[in-house]
Amino acid sequence: MLILKIIAIIIITPIIGGLLTGIDRVISARMQGRKGPPILQPFYDVLKLFQKESIEVNTMHRFYVYISLIFVIFTTIIMLLGGDILLAIFALTLGSIFFVLGGYASNSPYSTIGSERELLQMMAYEPMVLLIGVGLYYADKSFFIKEIVSTSTPAIVFLPGIFIGLIYILTFKLRKSPFDFSLSHHGHQEIVQGISTEYSGKDLAIIQITHWYETIIALTLVYIFFATKSPISHIFAIIACALAFLLEIVIDNSFARVKWQLALKSTWIVTGVLGSVNLIILSFFR
Amino acid sequence: MNLILMLILFPLVASGIIFIVRNDRIRNIIVKVCACITGALSLLVVCQYFQHGISLSFNSEKVIDYVIMAIEVVIAIYIIFVSMKSKKYIVTFFAAIQTPLIIWFEFTQSSGIEEVHSSIVFDKLSAIMVLIVGIIGSLICIYAVGYMRWYHVHHDNYEERKSFFYAILFLFLSAMFGLVLSNNLIWIYFCWELTTFCSYLLIGYTKTQEAMNNSFRALAINLGGGLAFAVAIVFIGINLKTLELSVLIGMEPGILVLIPVFLLSIAALTKSAQLPFSSWLIGAMVAPTPSSALLHSATMVKAGVYLIIRLSPLLGQTSVGKIVTLIGGITFLVSSLIAITKSDAKAILAYSTIANLGLIVTCASIGTQESLWAAILLVIFHSISKSLLFLSVGSIEHQLGSRNVEDMDILMHVSRKLSLYMIIGIAGMFLAPFGMLISKWVAMKAFIDSKNILIVIILAYGSAATLFYWTKWMGKLVSNANVKKLSKHTFHIDEELPIFLQAVFVVVSCFSFPLISRYALVPYLSALFGVKTLIPIGTSDVNIMLIMLSMLLVLPISFIHLYKNDKRRIVPIYMAGENTGDNETFHGAVGVDRKVELSNWYMENYFGSKKLSFWSDLAAIIILFVGIILLIGGLAR
């Protein structure tokens, strides 16, 4: 049974993630007054990439992308099976670090810049991610997602500040403007595809698929804040995820990329203010 | 003779023999043999006494005390003499006060004090410390043989004093064994001062002006801590009528107990290089690498945190504990941030040591079962990983002629093995599923459970900074930069064997931490708190961690097959179409070919050490003063 569940997660997650990316592209296009591609376009892209010739600059750098994918899948499994949220965060960090190392391993100027920026993004959002885990533990006395989503009150009631912080760093996680330094969806503000410059064919397809998983992971974090033991709350949680995703698309289309200094400072300040105040207030009541 | 005594005395004898022997080859063999025996002895002691522990008392205690006193006087006179000569009067001042103070105390005030029942106590915590000192320490000694062979070839301007160097390494081990096994405060104090003195001699090894200055700084700061220790002993002896550490720990934390505990904590903070006393450890990196490895991993700084861990039952909920916790937290955060700005490998390692010690101090001073569990595991994992990193950096410096992280991008070409060891060491310092992360995880849980929100937030930011500086170093190690000409050195077996073994330890310790927890930490903590301790991480999580670790080990091997079936075309890297074809230069403006230089980010403007360390030192000093005022005002609880 567990094996079946895991297989289902591995197969269904990227399908939903890919569909979301497709929807994202359509909505973005409508906002810019274009018609946009069909919703299944991300899948066509990836299938096409698999048929292309994969060239590389050295034999090592593709290795990191595959490992990264494996650990991101691992994270997805932990999260969707209701495992320990901190452990999931650590596994995800491991996956992201392999992705960064892949950029370094090519020793190409553009990917190295991308890697540095990706690393900077991680440094910017990591405190908030950890505080999310801490906050949920405070609110629901457990690190396990399956226990967090089976309490009687949704976590958002206790953690409004932390939730806003999550929405703030979601921009990093979904690689949306204004915080898309390492790898952008928008050609006009990118330094030659950043961290993925030297990847092509299959490897590039793998990076896309990894991103689909990551999208689901990010939205799962939103979901946890709303779900409780009553079945109706799960519908609210899904609506909340949809709204959060929509909000990120709007933000993506209404801001240009900012400088990294601003991103780092603002994220740390938002984390420090919202996260700390929320936790300190919560610690008085709990 | 008792095995434990042999463990303490053997390195001492070895030190003497090594000092006398002047023939290089014979001495090298003696060093290696003695190191092996020391390691074996520590294993033997642990096997023998691990299950039930043991406490020893001696009939000839007075005689030993007099011998100790005589040696202390000799060392004090020596220190006073050299410090006067070098015009370091602060050192003179500290040395001239504390030794007479202790002698005065022993001769005139010792009448009403209860006799020491057990001078040596061996429990599970001592067992862990003995293993760390014995095994990591002796591996470093073996490495030193290989390292020093090249050291004087590369640095021919320094006077060669290898006998002296090896002798001090062993003396250091002996002092550390004494320190972690003694229960008599006078003996602990003696070993404490001995480690201070050894570190002074090691840091000053090269006798350059910089080395002399740094060694005197280390001496001044640690003697200051020693003075606090001495005053604490006098205070404890006169007011509490005991000289046993275990008796002190068993007392109720009233004001009379808290004052000496505060003094002892100050001594521990100086030794563990916490703010505002951290500058000596940064200066200590002028010493040859084996001695840095010894100072940073197995000995010296671990003595400080060991004392804090011992004192933790008295720190827990008291105001002294809160102060120590805050200082540890600030140290962790600030040192992690400063480490971002450093490109010298040894400086990064030094700041990371200070940061991790800060974390250990924080965990230990919170004093709950969970936090102590995390603290002791941190000590174990940090010792192994940090020692591996220092030794690797030492060998890399021989291979590349530089220890700048920016120059390590060619390391994959120069020595794949060394890169791999280095990556394992770095992964051990911060990545899931490796040791340090497991401990950090539990530390985080312990901070939340004990309601230290501020420390939780500090840990979150500090971890982010930690991730940044380690990953960018790793990035340099995996980047396959080309190398044209480089004189290759042989990577000598004396260097490689200890590094290899420690890399194995890093991995094995991660697999075996549930066992360490079950057989050492849980019994120790249960006995200490009188309540059954549970392992703070659930079994399902431990299993997932172990699966991750196995994946990391197996995946690279499984890729070999994939690689064989999927050969690809190799193309030059993208440089906007201007790559000249060798991946190193590009066609620049006006037809000149320019070299590509890739550098990491250091963000000096944000986390520069000057700015940060001034404010953080100030903050730490204020916190300490608040502590003093609380104690003097009798407000401390």
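This is a predicted model: local features need pLDDT of at least 70, side-chain atom pairs count only at pLDDT 80 or more; totals for chains, interfaces and linings use all residues.

Colleague: OK. At what angle do α1(B) and α2(B) cross, and how far apart are the axes?

Modeller: Helix α1 (residues 3-20) and helix α2 (residues 24-49) of chain B cross at roughly 170°, and their axes come within 9 Å. Angles over 145 degrees count as roughly antiparallel, so α1(B) and α2(B) are roughly antiparallel to each other.

Colleague: Which residues of α1(B) and α2(B) meet?

Modeller: From α1(B), the set includes Leu3(B), Leu7(B), Phe10(B), Ala14(B) and Ile18(B). On the α2(B) side, among them are Arg27(B), Ile30(B), Cys34(B), Leu41(B) and Gln48(B). By class, that contact has 16 nonpolar, three polar and one charged residues.

Colleague: And what about α7(B) with α8(B), what's the angle there?

Modeller: About 175°, with the axes of α7 (residues 185-203) and α8 (residues 209-240) of chain B 8 Å apart. That makes α7(B) roughly antiparallel to α8(B). The residues in that contact divide into 14 nonpolar, six polar and one charged. Tyr189(B), Trp192(B) and Glu193(B) are among those from α7(B), and the α8(B) side includes Asn214(B), Leu219(B), Gly226(B) and Phe229(B).

Colleague: Switching to the interface. How many residues of each chain are in contact?

Modeller: 41 residues of chain B are in contact with 49 residues of chain A. On the chain B side, α19 (435-449), α20 (453-478), α22 (539-565) and β3 (569-570) each supply at least two residues.

Colleague: Which element of chain B gives the most?

Modeller: α20(B), with 15 residues. The side of chain B that touches chain A has 30 nonpolar, six polar and five charged residues.

Colleague: You listed a strand in there. What does β3(B) pair with?

Modeller: Strand β1 (residues 55-56) of chain A, in the parallel sense, over two bridges. Glu56(A) stands opposite Ile570(B) there.

Colleague: Now chain A. How does the end-to-end distance of α1(A) look against what you'd expect?

Modeller: It agrees: at 1.5 Å a residue, the 30 residues of α1(A) should span 44 Å, and the end C-alpha atoms are 42 Å apart.

Colleague: Which residues of α1(A) are buried, and what covers them?

Modeller: The buried ones are Thr13(A), Pro14(A), Gly17(A), Gly18(A), Leu20(A), Thr21(A), Gly22(A), Asp24(A) and Arg25(A). Their cover includes α2 (41-51), α3 (61-80), α9 and α10 of chain A.

Colleague: What about α10(A) itself, what span should it have?

Modeller: The 24 residues of α10 (residues 231-254) of chain A should span 34 Å at 1.5 Å a residue, and the end C-alpha atoms are 36 Å apart, which agrees. Buried in α10(A) are Ala237(A), Ala240(A), Cys241(A), Ala244(A), Phe245(A), Glu248(A) and Asp252(A). Those pack against α1 (2-31), α8 (160-173) and α9 (201-226) of chain A.

Colleague: Is Arg175(A) buried or exposed? And Lys241(B), buried or exposed?

Modeller: Arg175(A) counts as buried because it has 22 C-beta neighbours inside 10 Å. Lys241(B) has 11 inside 10 Å, so Lys241(B) counts as exposed.

Colleague: Last one: what does Ile423(B) touch?

Modeller: Leaving aside residues up to four places away in sequence, Ile423(B) touches Met474(B) and Leu477(B). Ile423(B) is in helix α18 (residues 416-430) of chain B, and with 19 C-beta neighbours inside 10 Å it counts as partly exposed.

Technical notes. Residues are numbered from 1 along each chain as its sequence is written. Chains are lettered from A and ligands numbered from 1 in the order in which they are written. Two residues are in contact if their C-beta atoms, placed from the backbone, lie within 7 Å. Helices (H or I, at least four residues) and strands (E, at least two) are DSSP runs, numbered from the N terminus. Ala, Val, Leu, Ile, Met, Phe, Trp, Tyr, Cys and Pro count as nonpolar, Asp, Glu, Lys and Arg as charged, and the others, Gly among them, as polar. Two strands pair if DSSP finds at least two bridges between them. Axes are lines fitted to C-alpha atoms, for helices over the stretch in contact, and angles run from 0 to 180 degrees between N-to-C directions. Angles under 35 degrees count as roughly parallel, over 145 as roughly antiparallel, 65 to 115 as roughly perpendicular and the rest as oblique. The expected span of a helix is 1.5 Å times one less than its number of residues. A residue is buried if 20 or more other C-beta atoms lie within 10 Å of its own, exposed if 12 or fewer, and partly exposed in between; C-beta atoms are placed from the backbone.
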